[in-house]
Amino acid sequence: MSLRWQASLLDPLMTGGWAVVHCRQQFLLDSNGVLFPREWLKRLDLPLVSEQGLGHFDGEPVFLFELEFPAEVPGARWQGLRQFMQEDDRDLFQLLGYATQIGTWVSQHRFCGSCGAPMQSRAGERAMYCPTCGIQHYPRLSPSMIVLVTRGDELLLARSPRFAPGVYSTLAGYVEPGESVEQCVAREVREEVGVAIHAPQYIASQGWPFPHSLMLGFHAEYASGDIVPQPEEIEDARWFAIDSLPTLPARQSIARYLIELYLARRLGHPEPVLPG
């Protein structure tokens with residue numbers, strides 16, 4: 001964890017502190033940023049779904065106000081999480097990424113999936129509880145893989161139609177039930193770009209809040225096949241020489257880390273540090 005940001009359980013009955021306001025992958029902000037005086041927010045008529053204690057930022061308690069819809073607040077506006085990622089403030093992005101994970105979980109577990117009764121936050125632990133049938137739900141993580149495929153001094157990079165113009169990145173996908181992460185890596189590479197790889201090597205992991213992913217990062221050497229982009233998923237994919245790379249993903253991302261780590265090892269440069 002960052003020295004500035006530390007996740008922990010906080011009692012919503014305590015007074016004071018700061019709060020971030022979240023709805024559908026967006027955060028409320030004004031000229032002072034995303035942290036609002038908590039007691040001031042409570043005086044507003046906000047469509048509050050839940051209030052959750054997040055932890056401490058610079059030693060101050062921080063809470064999450066999860067809203068049902070992005071309400072208008074005078075002097076404030078809404079901004080997407082991806083834009084915060086581009087602003088290169090690692091500590092703030094770590095806080096907001098965690099808030100997104102918790103907010104998404106709370107929003108998706110307002111009612112019991114077994115009996116339909118309203119769920120309640122459970123005191124003393126991060127859990128949603130159904131008082132009618134007793135089911136509990138904890139924050140969900142969906143394991144996914146992300147892999148850099150290389151061929152000597154070439155990197156296989158691709159772009160999705162959802163990417164910002166000109167950005168190319170590594171390949172990624174969710175683990176299917178019954179398969180290992182290594183099997184997922186080989187399958188996703190084959191499905192997305194049509195090539196085969198040698199056994200992938202695990203590098204590092206990163207919690208990723210879109211909306212509740214745990215990204216497991218790998219490197220894999222190309223084995224065989226020609227690039228055939230998957231329709232509707234991959235807009236373009238190609239081999240790039242290490243001295244002629246396209247626009248790359250944000251520096252906070254594990255995708256960028258996998259790329260820069262390979263470049264550093266290939267060129268004999270100091271290895272980068274994975275953010276977060």
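1. A residue is called buried here when its relative accessible area is under 20%. By that criterion tyrosine 168 is buried, and phenylalanine 240 is buried as well. The model in which they sit is a predicted one, and the points below should be read with that in mind.

2. As to the overall make-up, the secondary structure of the protein chain consists of five helices and 17 strands, and the C-alpha trace spans about 60 × 45 × 30 Å along its principal axes. Of the 276 residues, 49% count as buried, while the chain exposes about 13900 Å², of which carbon and sulfur atoms supply 51%. Taking the contacts between residues at least 6 apart in sequence, 63% join residues that are at least 24 apart.

3. On charge, the protein chain carries 22 positive and 32 negative side chains, and the centres of these two sets lie 2 Å apart.

4. A search of the whole structure for aromatic pairs finds six. In one of them, the rings of phenylalanine 93 and tryptophan 208 have centres 5.8 Å apart and planes at 55°, so this pair is classed as tilted. The pair links distant parts of the chain, since phenylalanine 93 belongs to helix 3 (residues 90-108) and tryptophan 208 to strand 15 (residues 201-208), 115 residues apart. Both phenylalanine 93 and tryptophan 208 are buried.

5. Tyrosine 168 and phenylalanine 240, with which this note began, form an edge-to-face aromatic pair, with 5.0 Å from centre to centre and 70° between the planes. Tyrosine 168 lies in the loop between strand 12 (154-159) and strand 13 (171-174), whereas phenylalanine 240 lies in strand 17 (residues 236-241), so the pair ties together parts that are 72 residues apart in sequence.

6. Two arginines lie over aromatic faces: arginine 38 is placed over the face of phenylalanine 63, at 3.7 Å from the ring centre, and arginine 151 over the face of tyrosine 222, at 5.3 Å from the ring centre.

7. Backbone angles deserve a separate remark, because most residues other than glycine have a negative phi. Aspartate 58, which is not a glycine, has a positive phi of about 55°, and this residue lies in the loop between strand 5 (48-57) and strand 6 (60-67). Glutamate 232 likewise has a positive phi, near 70°, and is found in the loop between strand 16 (213-224) and strand 17.

8. Is glutamate 232 buried or exposed? With a relative accessible area of 76%, glutamate 232 is exposed, because the cut-off for that class is over 50%.

Notes:
Residues are numbered from 1 along each chain as its sequence is written. This is a predicted model: local features need pLDDT of at least 70, side-chain atom pairs count only at pLDDT 80 or more; totals for chains, interfaces and linings use all residues. Side-chain values use heavy atoms; hydrogens and water are left out. Helices (H or I, at least four residues) and strands (E, at least two) are DSSP runs, numbered from the N terminus. Buried means under 20% relative accessible area, exposed over 50%, partly exposed in between (1.4 Å probe, protein chains only). Contact means heavy atoms within 4.5 Å. Accessible areas come from the Shrake-Rupley method with a 1.4 Å probe; for residues, only the protein chains shown count as cover. Lys and Arg count as positive and Asp and Glu as negative; His and the chain ends are not counted. The place of a charge is taken as NZ of Lys, CZ of Arg, CG of Asp or CD of Glu. Rings of Phe, Tyr and Trp (its six-membered ring) pair if their centres lie within 6.5 Å; planes under 30 degrees apart count as stacked, over 60 as edge-to-face and the rest as tilted. A charge sits over a ring if NZ of Lys or CZ of Arg is within 6 Å of the ring centre and within 35 degrees of the ring normal.
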